[in-house]
Amino acid sequence: MSGPDTSVVICVYTEDRWEDILAAVDSVRAQSRPALETLLVVDHNAALLDRLTKEYKEAGQVRVLANAGPRGLSAGRNTGIAAARGDVIAFLDDDAVAERDWLRHFAEGYADPRVMAVGGRTEPVWASGRRPAWFPEEFDWIVGCTYKGLPAGLVKVRNVLGGNASFRRTAFDAAGGFATGIGRDGDKRPLGCEETELCIRLTRARPDAILLIDDRAVIHHRVPEAREHFGYFRTRAYAEGLSKALVARSVGTDKGLESERRYATRVLPAGVVRGLRDFLLARPGGAGRAGAIVAGVLTAAGGYAMGSVRARRAGTVFTVAEIEGGSG
């Protein structure tokens, strides 16, 4: 089969997601374009590491590894990158399943040698069976999914979304790995943006680099019931503001907030107008969606302001891991 070999990295941290983890691995093993290997990186959880090692001891193409760095998603991904043997390294969330042609669409994107990263489309799978009427599609990033406002098709982007993304190995040679200190750490505050910071660093290191999203590369991401409520919406929006402040601290506000300005000045106002229109037409959830957009913006802005002050006072700096690839 022509094209790059792909290693798939799935970072895991809790046995509470046991069935999700097995489903994620199964979806990789069922790909129309087979992965070279699947790496399960366990984030400082000895019981889960032991259980997964036993589960996959007979599966030659599934390797189970312990996170070799500090606790958190960034270090877990760096561990996977260092151990991966593929020309391309794809990342799949531990509570998501990939459609059968997911890796095939990723591989097609790398036909152009300038392409350093290809992301896909992430669809929510709501625990209740359907989207809450008040939950605006413009804020689907709250639940780790592709949101309204991202362009459709095969498009160039500033950054891919971390739970459904792939990178050429040489991207890490050029830019290093994910920065620790940005991004999620288990079930603690739901931070993010580690992939945004990496992508901006990458395009600075390689100005000719092209980053793509191909919306045919689809995964389905489980949204638990607890994340269907406004309390989580508010918490995640605040955490996103904190995360954006860290990204801006690392790479500057020009690139760090470039896409967000367009999103805040065009996409969100249009969403508020649609919500108010639906309210006037007596369609369900219109006022709730308009209100949630306004609340989400204000909450994220508050998080950004607080995060900026904290980072400045603390003199926050970040550690970017050097990746020594293909250790096997």
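The structure is a predicted model, in which local features need pLDDT of at least 70 and side-chain atom pairs count only at pLDDT 80 or more, while totals for chains, interfaces and linings use all residues. Residues are numbered from 1 along each chain as its sequence is written, and side-chain values use heavy atoms, with hydrogens and water left out.

The protein chain has 10 helices and 11 strands. These elements are DSSP runs numbered from the N terminus, helices being H or I runs of at least four residues and strands being E runs of at least two. Of the 328 residues of the chain, 53% count as buried. Here buried means under 20% relative accessible area, exposed means over 50%, and partly exposed lies in between, with a 1.4 Å probe and protein chains only. Contacts (heavy atoms within 4.5 Å) also tell something about the chain as a whole. Among those between residues at least 6 apart in sequence, 80% join residues at least 24 apart.

The expected span is 1.5 Å times one less than the number of residues in the helix. Several residues of α1 are buried, among them W18, I21, L22 and V25.

Two packed helices are described by the angle between their axes and the distance between the axes. The axes of α1 (residues 18-29) and α2 (residues 46-55) come within 13 Å and cross at roughly 40°. That makes α1 oblique to α2. On the α1 side the contact is made by W18, I21 and L22, and on the α2 side by L48, R51, L52 and E55. The crossing of α1 past α2 is right-handed. For these descriptions, axes are lines fitted to C-alpha atoms, for helices over the stretch in contact, and angles run from 0 to 180 degrees between N-to-C directions. Angles under 35 degrees count as roughly parallel, over 145 as roughly antiparallel, 65 to 115 as roughly perpendicular, and the rest as oblique. A crossing is right-handed if the near helix is turned clockwise from the far one by less than a right angle, and left-handed if anticlockwise.

With a relative accessible area of 12%, T79 is buried. Leaving aside residues up to four places away in sequence, T79 touches V41, A66, N67, A68 and G69.

Helix α6 (residues 194-205) comes next. Its 12 residues should span 16 Å at 1.5 Å a residue, and its end C-alpha atoms are 17 Å apart, which agrees. Nine of the 12 residues of α6 are buried, so that the helix is mostly covered. The buried residues include L198, C199, I200 and L202.

Charged side chains form another theme. The whole structure holds 23 salt bridges, each being a side-chain nitrogen of Lys or Arg within 4 Å of a carboxyl oxygen of Asp or Glu. One of them joins R201 and E197, whose closest N and O atoms are 2.8 Å apart. R201 and E197 both belong to α6 and lie four residues apart, about one turn of the helix. Both partners are buried. An α-helix has 3.6 residues a turn, so residues three or four places apart point the same way.

A salt bridge also links E240 with K244, at 3.6 Å between the closest N and O atoms. E240 and K244 are four residues apart in helix α7 (residues 230-251). E240 counts as buried at 11% relative accessibility, and K244 is buried too, with a relative accessible area of 10%. Elsewhere, R277 and D278 meet in a salt bridge of 3.4 Å, N to O. R277 counts as partly exposed at 41% relative accessibility, whereas D278 is buried at 9%.

Y304 lies in α10 (residues 286-314) and counts as partly exposed at 23% relative accessibility. Y304 and G241 are 63 residues apart in sequence, yet 4.0 Å apart in space, C-alpha to C-alpha.
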